[in-house]
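Visitor: Please take a close look at one part for me, the place where the two chains meet. I am new to this structure and would like a connected account.

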There are 2 protein chains.
Amino acid sequence: MGDRDKDPNGRGRYLQRQDRLRRVLGQASADAILVSHLPNVRYLCGFSGSAGLLVLDADSATFFTDARYTIQAQHEISCAAVRIAKKGLLKAAGELLRGRRSLRRLAYSPAQITVAQKQTLDSAVARKVRWIDDMGSVEKLRAVKDPGEVSTLREAAAIVSKTFERTARILRPGVAELDVAGEIERDFKRQGAEGPSFETIVASGERSAWPHAHPSTKQLGRNELVVLDHGAILRGYCSDMTRTVFTGKAPRKVKSLYQGVLQALEAGKAAAKPGAKSKDVDAAARNTLRRAGLARYFTHSTGHGIGLEIHEAPRIGKGDETVLVEGMVVTVEPGVYIEGLGGIRIEDDIVITARGAEELTTAPRNLIEL
Amino acid sequence: MGDRDKDPNGRGRYLQRQDRLRRVLGQASADAILVSHLPNVRYLCGFSGSAGLLVLDADSATFFTDARYTIQAQHEISCAAVRIAKKGLLKAAGELLRGRRSLRRLAYSPAQITVAQKQTLDSAVARKVRWIDDMGSVEKLRAVKDPGEVSTLREAAAIVSKTFERTARILRPGVAELDVAGEIERDFKRQGAEGPSFETIVASGERSAWPHAHPSTKQLGRNELVVLDHGAILRGYCSDMTRTVFTGKAPRKVKSLYQGVLQALEAGKAAAKPGAKSKDVDAAARNTLRRAGLARYFTHSTGHGIGLEIHEAPRIGKGDETVLVEGMVVTVEPGVYIEGLGGIRIEDDIVITARGAEELTTAPRNLIEL
């Protein structure tokens, strides 16, 4: 991917992120951090490959990869020393830490390293150190996007919005769910996206009420709800959008459910602003459905952050106390799922701005009747 | 997915696999095993969702999932007790183990559980147990396929073979690599596959020499090598096939390299039979390239097992002592990568039979000149 991801301003951006992380580590009295989760590595130094580790201390950053990525690492990384590990990345990182005897309190993420990896690391370090939980510090930084990230996320959202408008034209009874999913993902790539940000959901009829329906060989029927939940990855950044259509003239009941979900979406987005809490956005959407007598059909959280991962901080859910700040990018995605009738979900991506929130998703939100 | 994966004979097949695993555990004096890796869980009880754990002891099997999968688990699982965990799967599994005081030596896979998960598990078990490394015991069972698995893998290989024949017709200068990848993956879904078994590689020109080139917006040029490495997932099982084409009339040099790689492929496949070792297959391919003066351009292993994962046991590499047995399904994929000129790789899937090996891949292997 190298060249696609190269950014002439990359170095400054990555150094700035590394410095922010150093300040957080300082507060936790950590002498260094071992970053093993690839989206975190990418965020801190720009590496987009599948094998990378970063060790950051007060005055240096060292990136480890294997021989397959020698050229790519040269291309992508200008903000860390690059070491090509011959016998495993963790072993190499551990040996570096072994030699830096002033490093005693080492931060890492216990949720992002296996027991076997930790054993490898411990035997490579081979001296007494204090491992401390990094408490998701990189994820917390990642939750607040810089303008460049917001602009990439806007492009990624525009791709799925455009794809949806084309998809709406090919949806008709007789087309298999898997065919629709195939067309959608092909369209992402035609627009230059790396691919889908998660397995595209095309769920029709009864299946639209299943929260985890994978597309199947089932053909769209007449007078069915069809939920399309999809997103594209562009230069590493994920979009996520859901639309629900009806293959026929929608009966009053369906129209009324759809309006309920749409109002919940708008209420959720209207509640999103700096200083509001995640739970306020959730409550705005949930209470709107409650007033319509639909709250019991809304069985999941209202949304989640998007960025280098399709699910990242902050979570937008019941009781979540996270305070929203400018630059956070999240989904708002209320839905109702009624056995026998089907499901309706509508989902937009938004960015928290100085005074409120702005939609990144541009596709129409009205009920499309095919 | 549920119904798609339902097999009227499923129960017997899964019970048989569980019994095989019990015998292995018995040899290691383990009282029970905690299976956390999803492909292993699927192999042992048929569950195809994204959250599942299995605890197996001498006379019981208990499967854990969360509320999202209540219906799917009922559908798919007939060979284990199903428990819906309210507060985390590991916590629930740990509490079950806590209550079974006769279980003292517990097998698990340190490479498939994070440090944080292990901590959760330990505090739920809350009594002294001896955790022992399961030494990849489920992976070893999975390496030898039963006839039903071979038949699914044959179907999955047929899908990519068919797709390739259609792809060859749309390859021409001016088409972007990403467009080709999009067409390929759409075609998989049109044939009823769940999707690609890994990110489809379409690498043209100089990029064909990069072992990890993701498809880009680069258009195919005239007189370029194009490497297509792709595979489909069908009912959970992965195929994997590479073909290399030339966009024009191939010069003598390219033809001669292609013949070298093709001969290495055929030599590798011919060496694959019960009783042979992995390293023999690797050596057969590698020595063929050596005789053609090309060994230095062959920079990776000759192949790998395929099944519920795209890379699984056995590895077909230099010095690997694994003895091949009937029912193993592996790739053979020699290649040469020459900077400035490009890369050529040809890859088939084969199954080890009673007397030799049989090709699952059916697409033509001759050099296609477009």
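Guide: Chain A averages a pLDDT of 95, pLDDT being the predictor's confidence in each residue, from 0 to 100. In chain A, 98% of the residues score at least 70. The model as a whole scores ipTM 0.90 and pTM 0.92. This is a predicted model, in which local features need pLDDT of at least 70 and side-chain atom pairs count only at pLDDT 80 or more, while totals for chains, interfaces and linings use all residues. Residues are numbered from 1 along each chain as its sequence is written, chains are lettered from A and ligands numbered from 1 in the order in which they are written, and side-chain values use heavy atoms, with hydrogens and water left out.

Now to the pairing of the chains. Two copies of a chain are related by a rotation about an axis and a shift along it. Here a rotation of 180° with 0.0 Å of shift along its axis places chain A on chain B, with an RMSD of 0.0 Å; the superposition is by least squares on the C-alpha atoms of residues with pLDDT of at least 70 in both copies. That is the relation of a two-fold axis. The C-alpha of chain A nearest the axis belongs to A:Thr114, 1.9 Å from it. Both copies use the same surface, since 100% of the contact residues of chain A recur in chain B.

Contact means heavy atoms within 4.5 Å, and by that rule 30 residues from chain A and 30 residues from chain B take part. The size of an interface is often given as the accessible area lost when the parts come together. Chain A and chain B bury about 3000 Å² between them, 57% of it on carbon and sulfur atoms; buried area is the accessible area (1.4 Å probe) that two parts lose on being put together, summed over both.

The interface of chain A and chain B holds 6 salt bridges, a salt bridge being a side-chain nitrogen of Lys or Arg within 4 Å of a carboxyl oxygen of Asp or Glu. In one salt bridge, B:Lys189 meets A:Glu185 with N and O 3.0 Å apart.

Which elements of chain A supply at least two residues each of the side that touches chain B? They are α6 (115-125) and α9 (177-190), where helices (H or I, at least four residues) and strands (E, at least two) are DSSP runs, numbered from the N terminus. The largest share of that side, 9 residues, comes from α9(A). By class, the side of chain A that touches chain B has 12 nonpolar, 7 polar and 11 charged residues. Ala, Val, Leu, Ile, Met, Phe, Trp, Tyr, Cys and Pro count as nonpolar, Asp, Glu, Lys and Arg as charged, and the others, Gly among them, as polar.
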